[in-house]
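Open your viewer and keep the selection tool ready. Each stop below tells you what to pick next and what is there.

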Amino acid sequence: MEKIVSLCKRRGFIMQSSEIYGGLNGCWDFGPLGAELKRNLKDFWWRRMVRERDDVVGMDGSILMNRQVWVASGHEATFSDPMVDCRNCKSRLRADQLPEKDGKRQCAVCGSLDLTEPRAFNLMFKTYVGATEDESAITYLRPETAQAIFVQFKNILEVARKKLPFGIAQIGKAFRNEINPRNFTFRSREFEQMELEYFCRPEGGLELLEYWLKERLKFYKDIGISSELLHIHKIPPEECAHYSKGTYDIEFDFPFGIQELEGVAYRTDYDLTQHQKASGKSLEYFDEETKQRFVPHVVEPSAGVDRTVLALICAAYSEEMAPDEKGKLETRIVLKFHPRMAPIKCGIFPLLKNNEKLVRQAREIVKILRPHMMVFYDESGAIGRRYRRQDEAGTPFGVTVDFDTIGENGPTNEGTVTIRERDSMKQERVPILELKSLLLDRID
Ligand code: GAP
């Protein structure tokens, strides 16, 4: 994990928020490569969950909502973790994550057994809307994106003119004042979620739970996370939320242990019913065919963007021995991202930077490819070094413009370049004219 954290900082994937002021615990910034990776993940989720389906529409809700949303959903009363204080070192700790000694909870920081009794700590960030900081102005930064979907259910049902089963998808920021943010970005205080609320008839819920579990596992495969690194944890009924008729956690084998990536939960009609009761507005669905009116049930696949980005980096990280330009073995660090997820799709290199023809041709190729994919032009240093730099960034393809390309070794290979594939390090020659379609095929 240390190697991954250091690579993330060194290469600009992820860094501490407000670092020059000592940081802010549980908050992270994504640098140039991290921002691209995150964007690729969100775009692909949106494509799979919304654009490629007839039965799902998207929305983009506000982060601040009427406080009554959080009262009705139960978050204000119960969205809490049990917290204890260590009387010895004064640390604040999550009671359910502490080691035990002789059957007693132990401080994870100093080892003391002198802890306070657990008390509920609400995880929502409280804030005030408007100029007066009194009780009537209180609301919260949303701790999940889902509630905006539930409270807009009726409006969206009307405008989208969909029949059950159908879903509403959303990607956005969520905030939780976690007692112990930890494991890099895994448990953050500010993070993003990708959530789908898939509404259905009550009798379809359990089957759709299984359907969405399968769909979501397929998604992880399609972004390059091998099924060997994933685990399905069926939450025992006694541990499920009281309204849930079934929940699966999709877990990932992180270097710090097997941990949740996504929850797929059958939440029955709990959320819509709560909002219907509290708002006094009908959130029922009218079935034209059966003439029935009822509150739909919902199956919710809810994934974390930041956790999936971390999983992508962990799954991609590899170290191997490879010969340098002089044939000497050295350690090659490679991020073996699926080309779909890779922040940069193609590195473009003129063999020499002081040859005007090579540089001009390489820049020409940049112009051809840039509207279609993220490319990176690099002319500095030996070509082997440039490949290594891109290996570490996870760039799946490297295009080199050499003397064959510009016809200096005869006409046979004029107008062709070499493409180097990151993982096999194999090179092939292809005409510049075919480059765009060939790369687009391979990165999609
Ligand atoms: N609407 C349901 C819901 O929010 P959750 O299991 O609390 O369910 C869903 O959160 C996903 O959001 C988690 O599986 C995880 O990927 C992500 N997530 C939750 N808390 C997080 C945190 N503190 N830091 C990073 N990601 C988090």
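A polar contact is a pair of N or O atoms within 3.5 Å; within protein, one must be able to donate a hydrogen and the other to accept it, and residues adjacent in sequence count only if both atoms are side-chain atoms. This is a predicted model, where local features need pLDDT of at least 70, side-chain atom pairs count only at pLDDT 80 or more, and totals for chains, interfaces and linings use all residues. Residues are numbered from 1 along each chain as its sequence is written, and side-chain values use heavy atoms, with hydrogens and water left out.

**Stop 1: the ligand**

Select the ligand, then Arg307. A nitrogen atom of the ligand lies 3.4 Å from an N or O atom in the Arg307 side chain. How much of the ligand's accessible area does the protein cover? The protein covers 89% of the 560 Å² that the ligand has on its own. Such areas come from the Shrake-Rupley method with a 1.4 Å probe; for residues, only the protein chains shown count as cover.

**Stop 2: the shell**

**Stop 3: the largest pocket**

Rolling a probe the size of a water molecule over the atoms shows where empty space is left. On a 1 Å grid over the protein atoms alone, a cavity is a set of points where a 1.4 Å probe fits but cannot get out, and a pocket is an open set with protein on both sides within 12 Å along at least five of seven lines; lining residues have an atom within 4 Å of a point.

The space taken by the ligand is the largest pocket. A molecule sits in a pocket or cavity if more than half of its atoms lie within 2 Å of its grid points. The volume of the largest pocket is about 1600 Å³. Grid points are joined across faces, edges and corners, and a volume is the space filled by probe spheres set on the points.

Select Phe79, Glu144, Arg176, Asp249 and Glu260: of the 50 lining residues, they lie nearest the centre of this pocket. Again β15 gives the largest share, here 9 residues of the lining.

**Stop 4: the second largest pocket**

Move to Arg39, Asn40, Lys42, Asp43 and Phe44, which lie nearest the centre of the second largest pocket. Its volume is about 590 Å³. Select helix α2 (residues 32-51), which gives the most to this lining, with 11 residues.

**Stop 5: the cavity**

The structure holds 1 cavity of 30 Å³ or more. The largest cavity has a volume of about 40 Å³. Its lining includes Phe349, Tyr387 and Arg422. Helix α11 (383-393) and strand β23 (397-401) each supply at least two lining residues.

**Stop 6: a loop**

Finish with Leu164 and Pro165, joined by a cis peptide bond with omega of about -5°. Pro165 is in the loop between α6 (153-160) and β11 (166-175). Arg161 also lies in the loop between α6 and β11. Arg161 is not a glycine, yet it has a positive phi of about 50°.

Key
Helices (H or I, at least four residues) and strands (E, at least two) are DSSP runs, numbered from the N terminus.
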